[in-house]
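Thanks for making the time this morning. Please bring the sequence and the structure up on your screens, and I will talk you through them.

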Amino acid sequence: MSDRTLRFVGVATSPRPGGSTERLATTALDAAASFARHHGYNAETDLVSLAGKRISPCTACMACSRNNTYCVIQDDWREAIERLIDPVPDGLVFAVPVYFGNHNALARAFIERCHCLVVRWWSPEFPYEVPDFSRTAAGALAIGGDRNGGQEPTILTTLQWFFHMGFVAVGGHPNIGAASWSQQPDNHVNGIEDVLGRESASLLGARVSKLAILLREGARAAKLPQLDKRNMEYSFSWGVSPGERYW
Ligand SMILES: Cc1cc2nc3c(=O)[nH]c(=O)nc-3n(C[C@H](O)[C@H](O)[C@H](O)COP(=O)(O)O)c2cc1C
């Protein structure tokens, strides 16, 4: 990929194909791409929809850390996560439908399975490096059936996962992410009539794009290596002072 191309990935965690979550994620991705192009970059977008996918939660079998392997559960998670780690994108939008005031089960299962990505934090023998998301700008989107149905707790849960994984999170404008409501199940408008919701998704996409550009150019100007292995060395060496290893 050329160094003038930015890649934006959207993950939509609704089990319902073609629903509000996919639409909101697409709105944000389109805005991210359009912002990047406006500023002289090429942009690629990739929507990873979990609709129709079988993704089991983590079963705590610990096969990953015992056998030095990525997750052994045979389902659709691997194909979905590959689009997030191979290669790591410049921008991520993570769009979640609100179920009982927070993440739906597919979002939770997708996140739990990321456990195997970070085994190397505590196990130096693990053969795969932790994906370096320190150059990936990430924004959270939530869509409920109700105007105030739990979008903010849902966004916060996503932000917590971003911080766990080392993404560089952006807030919304002016709030913590993009929030929309679909007015389902009464009239199935799929969020189309929620003008503010769509605007919040566009603004979030543009902010993800802006930060992605800053991260790309900042890393270039600072001559940082593509993958900062020193982070990982520090993770391996519990008990060693950060000053000795980290910088
Ligand atoms: C099991 C279930 C629980 C839900 N709980 C909430 C909720 O707590 N708050 C809310 O605003 N909407 C809730 N909804 C509505 C969905 O968030 C809403 O329909 C959303 O648009 C679904 O996204 P989709 O169109 O991509 O499937 C719930 C829907 C389902 C199926």
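I will go from the central strand to the core, then to a helix, and end at the ligand.

Before that, two remarks on how to read the model: residues are numbered from 1 along each chain as its sequence is written. The model is predicted, so local features need pLDDT of at least 70 and side-chain atom pairs count only at pLDDT 80 or more, whereas totals for chains, interfaces and linings use all residues.

Let me begin with strand 3, residues 91–97, where helices (H or I, at least four residues) and strands (E, at least two) are DSSP runs numbered from the N terminus. Seven of its seven residues are buried, so strand 3 is largely enclosed by the rest of the structure; buried here means that 20 or more other C-beta atoms, placed from the backbone, lie within 10 Å of a residue's own, while exposed means 12 or fewer and partly exposed is in between. Gly-91, Val-93, Ala-95 and Pro-97 point one way from the strand, and Leu-92, Phe-94 and Val-96 point the other way.

Which strands pair with strand 3? Strand 1, residues 5–12, runs parallel to strand 3 and is joined to it by five bridges, and strand 4 is also parallel to strand 3, with seven bridges between them; pairing requires that DSSP finds at least two bridges. Val-11 stands opposite Phe-94, and Val-93 has Gly-139 in strand 4 as its bridge partner.

Turning to the core, the largest nonpolar core has 61 residues, and among the members that touch the most others are Val-93, Phe-94, Ala-95 and Leu-141. Such a core is a set of buried Ala, Val, Leu, Ile, Met, Phe, Trp, Tyr and Cys residues joined through C-beta atoms within 7 Å. Helix 1 gives the largest share of this core, nine residues.

Helix 1 itself has 19 residues, of which 14 are buried. Just after this helix, Gly-40 takes a positive phi of about 90 degrees.

Finally, the ligand: 18 residues lie around it, and Ser-14, Gly-19, Gly-144, Gly-145 and Gly-149 come nearest, a residue being near if its C-beta atom, placed from the backbone, lies within 6 Å. Helix 1 (20–38) and strand 4 (137–144) are the elements that each give two or more residues to this shell.

Note on methods
Expected span 1.5 Å × (residues − 1).
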